[in-house]
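Please look over the sequence and the structure, then read the notes below.

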Amino acid sequence: MAGISWDAELDTAWQVVDRLYKVSISADEKGPVDKIIARAHAAEAQNPYRKDHSWKVSKLGHQLAIQAGLPLASVWEVLAAGLFHDVGMIHVPQHLLLKHAPLTPEEFEIVKGHAVWGGKILEPLKEEGIERIVRHHHERYDGTGYPNKLAGENIPQGARIVAVAEAFHDMVSDHPYKSARTAEDAVDEIRRCSGTQFDPKVVTAFLDWVQIHVDPRE
Ligand SMILES: [Fe+2]
Ligand SMILES: [Fe+2]
């Protein structure tokens, strides 16, 4: 993507998660986690427009979590939650994901269900907090998001981070019915929505990330 460096040299986040899980989980937990990973891959595979979405949200979220000074355990949760955040899309019919026109309000309600579905799929990881991040990644700081209209600090911090990472990557990506916006335009939009859609502290961390990773000349 012109002008944005995602630190792709660091492997894909999937490989990182795979390695971390192998050393950190017991044999009992391995089955459920493998199933979650398989479903996350399947959810992405049904939408070619989303091919690299999860790991880019994961990478950006991971970097924002570090920049925002989160403790290591939370940084790791954001990395994993970024990969899984849209796993619930597996329950959204593919024709809606690939529709070449804006969704109707009824169709949008179905797509919105991916947050709750994702939370359900991630219940085996409830203790680690990943499930809560995924369930609440579409809440808005001003309390008008979904699924629970949580506001401000009531939204899990990891979810506030994934929200910014997801919105940025969505804006700079092509969609079936609209083309990617420029990085500059997307950054302006995130800045404009600080305090309404997004946590201002996360936006500050994001703008620091932009200084290093977005080349304004491209
Ligand atoms: Fe989402
Ligand atoms: Fe997403």
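Is the crossing of H9 and H10 left-handed or right-handed? The crossing of H9 and H10 is right-handed; a crossing is called right-handed if the near helix is turned clockwise from the far one by less than a right angle, and left-handed if anticlockwise. This is a predicted model, in which local features need pLDDT of at least 70 and side-chain atom pairs count only at pLDDT 80 or more, while totals for chains, interfaces and linings use all residues. Residues are numbered from 1 along each chain as its sequence is written, and chains are lettered from A and ligands numbered from 1 in the order in which they are written.

**Overall make-up**

- The protein has 11 helices and 0 strands, where helices (H or I, at least four residues) and strands (E, at least two) are DSSP runs numbered from the N terminus.
- Along the sequence the pattern reads α-α-α-α-α-α-α-α-α-α-α.
- Of the 218 residues in the protein, 38% are buried; a residue is buried if 20 or more other C-beta atoms, placed from the backbone, lie within 10 Å of its own, exposed if 12 or fewer, and partly exposed in between.
- Among contacts between residues at least 6 apart in sequence, 67% join residues at least 24 apart, a contact being two residues whose C-beta atoms, placed from the backbone, lie within 7 Å.

**Helix H9 and its partners**

- Helix H3 (residues 53-67) packs against H9 at an angle of about 130 degrees, with the axes 8 Å apart; axes are lines fitted to C-alpha atoms, for helices over the stretch in contact, and angles run from 0 to 180 degrees between N-to-C directions.
- That angle makes H3 oblique to H9, since angles under 35 degrees count as roughly parallel, over 145 as roughly antiparallel, 65 to 115 as roughly perpendicular and the rest as oblique.
- H3 passes H9 in a right-handed crossing.
- Residues of H3 including Val57, Leu60 and Leu64 meet residues of H9, among them Ile161, Val164 and Phe168.
- The contact of H3 with H9 has 9 nonpolar, 3 polar and 2 charged residues; Ala, Val, Leu, Ile, Met, Phe, Trp, Tyr, Cys and Pro count as nonpolar, Asp, Glu, Lys and Arg as charged, and the others, Gly among them, as polar.
- H9 and helix H10 (residues 183-192) pack at an angle of about 145 degrees, and their axes are 9 Å apart.
- Val164, Ala167, Phe168 and Met171 of H9 and Ala186, Glu189 and Ile190 of H10 make this contact.
- By class, the contact of H9 with H10 has 6 nonpolar, no polar and 1 charged residues.

**The loop between H8 and H9**

- Pro147 sits in the loop between helix H8 (130-135) and helix H9 (157-171), and a cis peptide bond with omega of about 10 degrees joins Tyr146 to Pro147.
- Lys149 is found in the loop between H8 and H9, and has a positive phi of about 55 degrees although it is not a glycine.
- Lys149 is partly exposed, because 13 other C-beta atoms lie within 10 Å.

**Other sites**

- In helix H7 (residues 114-121), the residues His114, Ala115, Gly118, Gly119 and Ile121 are buried.
- Seen down the axis of H7, these buried residues fall within an arc of 160 degrees, so they line one face of the helix; the arc is that of the directions from the helix axis to the C-beta atoms.
- Leu79 lies in helix H4 (residues 72-84) and is buried, because it has 23 C-beta neighbours inside 10 Å.
- Leu79 and Leu60 are 19 residues apart in sequence, and their C-alpha atoms are 8.6 Å apart.
- Lys51, in the loop between helix H2 (27-45) and H3, is exposed, with 12 other C-beta atoms within 10 Å.
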